[in-house]
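Welcome! Open your viewer, keep the selection tool at hand, and follow the stops below one by one.

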Amino acid sequence: MDNKVNVTYITLDGYVEVHKYRYVYFVIMFTVYILILCSNSTIVCLIWIHKNLHEPMYIFIAALLLNSVLFSTAVYPKLLIDLLSEKQIISYSACLFQWFVYYSLAASEFLLLAAMSYDRYVSICKPLQYPTIMRKTTVSIFLVLAWTLPASQVAVPITLNANKKLCNFTLRGIICNSTVYKLHCVSSRAQNIYALIAFVNLMFFPLLFILFTYIRIFIISYRSSREVRKKAAQTCLPHLIVLINFSCLSVYDVVLLRLGTDFPQTVSLIMTLQIVMYHPLFNPIIYGLKMKDILKHIKRLFCKMV
């Protein structure tokens, strides 16, 4: 048997035959994909075009939204094709590639959120030193590290698993995630240790750093004037909401799935929809509505269109 992985699709009714509602699912998922592309790309373009948005905070936001576009492009085209196919299959190499994109972008999001928290910390706690610290060179270094560091670390297990013998050819889910390990005949202890180290480096440490910086921000803003507290709330609240949402999804996907816990189908469905649909749409809504400068340009754009 060639290295093919059968992907069983999760639906609202559990594991059922796809062909009964395939066109309904296709229209829904295609609409969501277009919304993700349009909403994220619109804000990225606005940040690119308008010079008053060429600040570190908005550049990091654009990088986050670009991640959502790349992630969705790695998932949705294959998903849409499968919805119109009799059998939902994916080659093992394509599955590994999707796995690589999925986790490298997820880890990149944590590093970008860490960079954003540091930017807010310097802006609020050290305003006089902000122009000196957050220069274009510093922002560029943060962006390069946020994308290359996760990609290099995730590439290691992908390379090691490329030629591994498979004993199971059925993957439960609609995307290739950490459950790919269940396909292998023998579980590698070294790879499990490496995955734990990568998890700590790319997710746990950035999360601790983010929490530390925001605690410092809230302590200093609480002791400062009302204007400083208002600025802290306006700029930090959207980041915290995104952080909490994404952290919950990551804990479910990375930790609980790797433990092999059997979740009810409803829970698995909800979490899968969170990852594939909700989160890529959540970021542009939060940043588009909560960030005043971005919202102002969005309103102007819609006025011109009308």
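A residue counts as buried when its relative accessible area is under 20%, as exposed when it is over 50%, and as partly exposed in between (1.4 Å probe, protein chains only). On that scale, 47% of the 306 residues in the protein are buried. You are looking at a predicted model, where local features need pLDDT of at least 70 and side-chain atom pairs count only at pLDDT 80 or more, while totals for chains, interfaces and linings use all residues. Residues are numbered from 1 along each chain as its sequence is written, and side-chain values use heavy atoms, with hydrogens and water left out.

**Stop 1: the whole chain.** Colour by secondary structure. The protein has nine helices and three strands, in the order β-α-α-β-α-α-α-β-α-α-α-α from the N terminus on. Helices (H or I, at least four residues) and strands (E, at least two) are DSSP runs, numbered from the N terminus.

**Stop 2: two crossing helices.** Select helix α1 (residues 22-49) and helix α9 (residues 292-305): their axes are 10 Å apart, at an angle of about 105°. Axes are lines fitted to C-alpha atoms, for helices over the stretch in contact, and angles run from 0 to 180 degrees between N-to-C directions. Since 65 to 115 degrees counts as roughly perpendicular, that is the label for α1 and α9. Now show side chains: Thr42, Ile43, Leu46 and Ile47 in α1 meet Ile294, His297, Ile298 and Leu301 in α9, where contact means heavy atoms within 4.5 Å.

**Stop 3: aromatic rings.** Which rings pair up? Rings of Phe, Tyr and Trp (its six-membered ring) pair if their centres lie within 6.5 Å; planes under 30 degrees apart are stacked, over 60 edge-to-face and the rest tilted. By this rule there are ten aromatic pairs. Select tryptophan 99 and tyrosine 103: their ring centres are 6.4 Å apart and their planes stand at 80°, so this pair is edge-to-face. Both tryptophan 99 and tyrosine 103 are buried, and they sit four residues apart in helix α3 (residues 92-125), about one helical turn. Next, select phenylalanine 204 and phenylalanine 205, whose centres are 6.2 Å apart with planes at 45°, so they are tilted. Phenylalanine 204 is partly exposed at 39% relative accessibility, and phenylalanine 205 is partly exposed at 45%. Finally, highlight Phe60, Tyr118, Phe142 and Phe209, which form one aromatic cluster.

Notes
Angles under 35 degrees count as roughly parallel, over 145 as roughly antiparallel, 65 to 115 as roughly perpendicular and the rest as oblique.
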